[in-house]
Amino acid sequence: MSVKAKKRSLTAFTILFIILAVLCLISVFLNGQPISDSLISGLNPEKYGELVDMVANGETVTVVGAKFSDFFMAFPRGFVDAADLIVFIMAIGGFIGVVMKTGALEAGVYHLVKKMHGKEEVLIVILMILFSIGGSTYGMAEETIGFYALITTALVAAGFDTMVAVATVLLGAGCGVLGSTINPFATGAAMAALQSVNVPYDNTLVMILGFALWFTSLAIAIFFVLGYAKKVKADKGSTILSLQEQEDMREHFTKEDGNKLEFTGKHKAVLIVFAISFAVMIASLISYIDINFAGDEEAYLAVLGWTSFLTGEPLGLWYFSELAAWFTFSSILIAIMARMSEREFIDTFLDGAKDLLSVAIVIAVARGITVVMKTTHMDFWILDKAAGMLMGVPGFVFAPLSYVIYLVLSFLVPSTSGLAGFSMPVMGGLANTLGFNASIMINIFCAGCGLINLFTPTSGVVMGGLGAAKVELKTYMKWGMKLFVAIAIANIVVLSLAMMIIK
């Protein structure tokens with residue numbers, strides 16, 4: 001029975017290539033379909049200058065049918081487009097591999113589990129809250145991939161399964177992004193997009209509604225995860241994992257004699273460097289220039305400019321390339337502390353990077369879909385038709401319909417900052433024209449993106465996290481579907497009430 005089920009199960013790569021092929025075919029059928037001039041002319045000319053110039057010269061932008069070469073080259077083009085993220089993932093894999101080789105991670109995890117005996121559920125709640133804070137404040141998403149090895153090992157040792165670990169990280173950070181408050185990649189990008197077309201918004205209102213979405217979504221997720229975690233801990237047979245996934249869990253995340261591991265001083269020193277490495281990562285991604293210096297670059301550089309000595313960019317402006325270099329450096333430092341030979345370090349680092357190679361390739365294929373959407377202009381066509389559907393509808397209909405539209409757009413364009421850049425001038429401008437508060441559209445955008453990016457196969461965060469924890473997308477979807485529906489209903493209630501009450 002399990003063998004047959006395994007044969008019917010499609011891998012992440014196949015699912016993504018099917019989606020890619022379907023979108024390419026749809027673009028062929030839509031070839032030549034016009035996109036309204038008003039939508040294109042409202043785009044940021046710095047990013048979409050060629051299209052804006054076409055409209056200015058009297059031409060009409062249309063959907064361009066994908067050629068076979070677009071499908072054929074989608075994977076390598078996606079790899080190039082996501083190169084910085086892929087390098088970061090490989091560096092994280094090497095870093096984790098080196099730390100694991102020292103034995104410090106396993107020893108530390110089992111030491112923590114013994115300390116938390118009888119309070120393991122509290123650990124889940126604390127971790128989900130912490131990840132959600134990162135998601136709401138600075139858009140913690142791809143960065144979570146580096147945490148899966150540690151969190152999964154810890155929670156499996158505590159008596160849970162890999163699904164609990166996936167949910168703790170993915171839903172924790174994801175609910176935070178869904179309820180973004182000061183996230184520069186979501187609310188920040190959306191506000192900048194509205195500002196570019198002179199649509200007014202209320203920053204305080206965005207933060208208040210963001211917090212309401214954050215709190216309600218996270219509360220639902222924690223309740224759901226804890227319910228499942230308690231069942232699994234009480235009865236291992238209640239796990240939703242397939243037999244193959246259970247075998248993968250035992251092979252990669254279980255150590256039979258874990259309780260006998262000695263936690264030495266060297267282990268503690270390695271884990272201190274491990275913790276500092278992730279602390280620096282978090283500190284490097286916070287948008288200080290916006291949060292602490294109100295956009296004043298000179299004041300920001302006067303305080304934090306000195307931190308650029310390491311990568312050439314000060315803290316707050318680091319991204320995946322800088323983080324890849326940082327974790328590579330941290331790997332070398334830990335190898336020196338553990339007295340590894342040069343050959344042992346290189347072999348261990350490469351083995352660790354190899355463990356996340358499949359994750360990196362999945363992300364490249366997913367990014368290839370986004371590349372095709374841009375090439376064919378299907379993203380603009382969908383947005384154009386969606387905006388037309390919303391004309392003249394009342395507030396209690398406008399909010400949920402806008403939410404659904406962003407679910408569709410986010411499936412095709414998983415990048416929040418990218419989606420904000422081309423959609424918010426249209427959707428926010430439409431809300432303002434119809435007499436609704438454009439600030440609420442920012443929260444609708446964040447919530448819609450946030451929900452779909454909890455489970456969409458086109459998201460590198462979802463596929464990367466599942467790959468790192470050795471859980472299939474099919475299993476995750478079966479486990480979480482009721483949860484996603486519950487979060488969607490709660491989001492729609494909050495946003496519809498806000499749209500009807502706040503003018």
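Is Lys474 exposed or buried, and at what relative accessibility?

Tutor: Before the answer, please keep in mind that this is a predicted model, in which local features need pLDDT of at least 70 and side-chain atom pairs count only at pLDDT 80 or more, while totals for chains, interfaces and linings use all residues. Residues are numbered from 1 along each chain as its sequence is written, and side-chain values use heavy atoms, with hydrogens and water left out.

Lys474 counts as exposed because its relative accessibility is 57%, where exposed means over 50% relative accessible area, buried under 20%, and partly exposed in between, with a 1.4 Å probe and protein chains only. Lys474 is found in helix H26, and a helix here is a DSSP run of H or I with at least four residues, numbered from the N terminus. From Lys474 to Trp214 there are 260 residues in sequence and 26 Å in space, taken from C-alpha to C-alpha.

Helix H26, which covers residues 473-501, also gives the most to a nonpolar patch, with 7 residues. This surface patch of about 760 Å² is made by Phe396, Met481, Val485, Ile489, Val493, Leu497, Met500 and Ile501. Such patches are made of residues with over 30% relative accessible area and no salt bridge, and nonpolar side chains (Val, Leu, Ile, Met, Phe, Trp, Tyr) are joined within 5 Å, like charges within 9 Å; a salt bridge is a side-chain nitrogen of Lys or Arg within 4 Å of a carboxyl oxygen of Asp or Glu. The areas come from the Shrake-Rupley method with a 1.4 Å probe, and for residues only the protein chains shown count as cover. Met481 lies in helix H26 and counts as partly exposed because its relative accessibility is 37%.

Key:
Helices (H or I, at least four residues) and strands (E, at least two) are DSSP runs, numbered from the N terminus.
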